[in-house]
Amino acid sequence: MIRTVFLVIYNVCRFALNKLANWKRFDVHWLQRISPLCTLKVFQHGVIRVERNCEFAAYCDFEAHGDGVLEIGAGTYFNRYCMISAHECVTIGKHCMFGPGVKIFDNNHVHSPESGVSGKLTTGAISIGDNSWIASDSIILKGTHIGKNCVIGAGCIVRGEIPDGSVVVNKQDVMIR
């Protein structure tokens, strides 16, 4: 009980300071279960919006860069070590679940054979529909649109259109000799 009260007070203070520093660019409902070891960062003109009753476990790292927008729907759960990097737009629906170690990137670094990797980025919006489950260590890449009620299996790397109600699995052939 004492831990819960401390966590609520800590988060209210943390969100109030972020709200003062970022005003309309940081819109997080005060009723959340967010670990003190979770980070929510807004850079330049980025925006983070989190609806009520979400839960973020320890070591999650969520960032909105440049003009990027990160929106998370009500009742969504993130397990440990999840990461979201929004340089354009990442929209997550209501009542979604994310396993440990899920990574979501709406951006890639530009690369050329002549000059290698640069600091310039290409971006593509990501959306994840309501009631979807993204299992542990999955990676969601730029330009991905996952429909409602989907399951993305553990360890999958996803890019593109995933229709409503789909189950995506990583084909893993086990060979024992």
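Where in the chain does Thr144 lie? Thr144 is located in the loop between S17 and strand S18 (145-146).

## Basis of the model

The structure is a predicted model, in which local features need pLDDT of at least 70, side-chain atom pairs count only at pLDDT 80 or more, and totals for chains, interfaces and linings use all residues. Residues are numbered from 1 along each chain as its sequence is written, and side-chain values use heavy atoms, with hydrogens and water left out.

## Overall composition

Helices (H or I, at least four residues) and strands (E, at least two) are DSSP runs, numbered from the N terminus. Of the 177 residues in the protein, 41% are buried; buried means under 20% relative accessible area, exposed over 50%, and partly exposed in between, with a 1.4 Å probe and protein chains only.

A contact means heavy atoms within 4.5 Å. Among the contacts in the protein with a separation of 6 or more, 15% are between residues 24 or more positions apart.

## The six-stranded sheet

An open sheet of six strands, with parallel pairing, has the order S3-S6-S9-S12-S17-S20. Strand S3 (39-42) and strand S20 (157-158) stand at its edges, each with a single partner strand, so one side of each lacks a neighbour in the sheet. Two strands count as paired if DSSP finds at least two bridges between them. Strands of a sheet pair through backbone hydrogen bonds, either parallel or antiparallel.

S3 and S6 pair in the parallel sense over four bridges, and Thr39 stands opposite Asp61 in S6. Four bridges also join S6 to strand S9 (residues 83-86), again in parallel; here Ile84 in S9 is the bridge partner of Phe62. Strand S17 (residues 139-140) runs parallel to S20 and is joined to S20 by two bridges, with Ile140 opposite Val158 in S20.

Thr144 has a relative accessibility of 0% and counts as buried. Not counting residues up to four places away in sequence, Thr144 touches Ala125, Ile126, Ser127, Val158, Arg159 and Gly160. Thr144 and Ala125 are 19 residues apart in sequence and 7.0 Å apart in space, C-alpha to C-alpha.

## Salt bridges

Side chains of opposite charge can pair when their charged atoms come close. The structure holds three salt bridges, each defined by a side-chain nitrogen of Lys or Arg within 4 Å of a carboxyl oxygen of Asp or Glu. The side chains of Arg33 and Glu55 form one of them, at 3.2 Å from N to O. This pair links distant parts of the chain, with Arg33 in strand S2 (residues 33-34) and Glu55 in strand S5 (residues 55-56), 22 residues apart. Arg33 is partly exposed at a relative accessible area of 39%, and Glu55 is partly exposed at 29%.

Lys41 and Glu63 meet in a salt bridge at 4.0 Å, N to O. Lys41 lies in strand S3 and Glu63 in strand S6 (residues 61-64), so the pair ties together parts that are 22 residues apart in sequence. Lys41 is partly exposed, at 33%, whereas Glu63 is buried, at 11% relative accessibility. Arg49 forms a salt bridge with Glu71, with the closest N and O atoms 2.6 Å apart. This pair also links distant parts of the chain, Arg49 in strand S4 and Glu71 in strand S7, 22 residues apart. Arg49 is partly exposed, with a relative accessible area of 33%, and Glu71 is partly exposed, at 26%.

## The second largest pocket

The second largest pocket holds about 150 Å³ of space. Of the 14 residues that line this pocket, the closest to its centre are Arg49, Glu51, Glu71, Ile72 and Gly73. Strand S4 (47-50), strand S7 (69-72) and strand S10 (89-92) are the elements that give two or more residues to the lining. A pocket is an open set of points on a 1 Å grid over the protein atoms alone, where a 1.4 Å probe fits, with protein on both sides within 12 Å along at least five of seven lines; lining residues have an atom within 4 Å of a point. The volume is the space filled by probe spheres set on the points, which are joined across faces, edges and corners.

The lining residues divide into three nonpolar, four polar and seven charged. Ala, Val, Leu, Ile, Met, Phe, Trp, Tyr, Cys and Pro count as nonpolar, Asp, Glu, Lys and Arg as charged, and the others, Gly among them, as polar.
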